[in-house]
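Please look over the sequence and the fold shown here before reading on. The report is meant to be read beside them.

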Amino acid sequence: MTRWHIDPATPRHALVAAVPRHAAPCLRAALLVALVCMTAPAAVAHAVLERAAPAVGSDVKGSPPELTLTYSEAIEPAFSRVMVTDASGRRVDKDSLTTQQAGHVVRVPLQLLPPGVYAVEWHVTSVDTHRTQGRFSFTVMP
Ligand SMILES: [Cu+2]
């Protein structure tokens, strides 16, 4: 298996960080895609979040046992991070990230979640070394 060298100080990251935070989410995503692709050393698609369970912005009945995130490309678990927090900012995932389906699916076990709104923040590095990130929320209903 190929080993990838990840340098956290590459200009690509500076570019990604330079995208205005106040830009509309879709514009920001488009800018990120453009910047990441422009600066790709060997252009291969990077990991875009294709779906999530619980789904982005969804209401779910009862505490979900885990969060799953499906990406367009395989991700490298050692260089990827997912955090789920409650409305007070307390972390409610079990700080354990595993992958399935050749790295396309990320599984994060969750603690027992009382009804409320939860925020998911993810930063992943795909196997082509490109970093992508995003956040969304879901609501646990009684
Ligand atoms: Cu890429």
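## Basis of the model

This is a predicted model, in which local features need pLDDT of at least 70 and side-chain atom pairs count only at pLDDT 80 or more, while totals for chains, interfaces and linings use all residues. Residues are numbered from 1 along each chain as its sequence is written.

## Overall make-up

The protein has two helices and eight strands, where helices (H or I, at least four residues) and strands (E, at least two) are DSSP runs numbered from the N terminus. Read from the N terminus on, the elements follow the order α-α-β-β-β-β-β-β-β-β.

Of the 142 residues, 18% count as buried; a residue is buried if 20 or more other C-beta atoms, placed from the backbone, lie within 10 Å of its own, exposed if 12 or fewer, and partly exposed in between. Among contacts between residues at least 6 apart in sequence, 61% join residues at least 24 apart, a contact being a pair whose C-beta atoms, placed from the backbone, lie within 7 Å.

## The four-stranded open sheet

Four strands form an open sheet in the order β2-β8-β7-β4, with mixed pairing; two strands pair if DSSP finds at least two bridges between them. At the edges stand β2 (59-61) and β4 (81-85), and each has a single partner strand, so one side of each is left without a neighbour in the sheet. From one strand to the next the twist averages 25 degrees, with axes fitted as lines to C-alpha atoms and angles running from 0 to 180 degrees between N-to-C directions.

Within this sheet, β7 (residues 116-125) and β8 (residues 131-141) pair in the antiparallel sense over 10 bridges, and V120 stands opposite F136 in β8.

Strand β3 (residues 66-71) has a covered face made up of L67, L69 and Y71, and an uncovered face with E66, T68 and T70. In a regular strand the side chains alternate between the two faces of the sheet.

Strand β1 (residues 49-53) pairs with β3 in the antiparallel sense over four bridges, and here A52 has L69 as its bridge partner. Five bridges join β3 to β6 (residues 105-109), also running antiparallel, and in that pairing T68 stands opposite R107.

## A buried arginine

Which residue of β8 is described here? R131 is found in strand β8, and R131 counts as buried because 22 other C-beta atoms lie within 10 Å. The C-alpha atoms of R131 and F79 are separated by 8.9 Å, although these residues are 52 residues apart along the chain.

Definitions and conventions:
Two residues are in contact if their C-beta atoms, placed from the backbone, lie within 7 Å.
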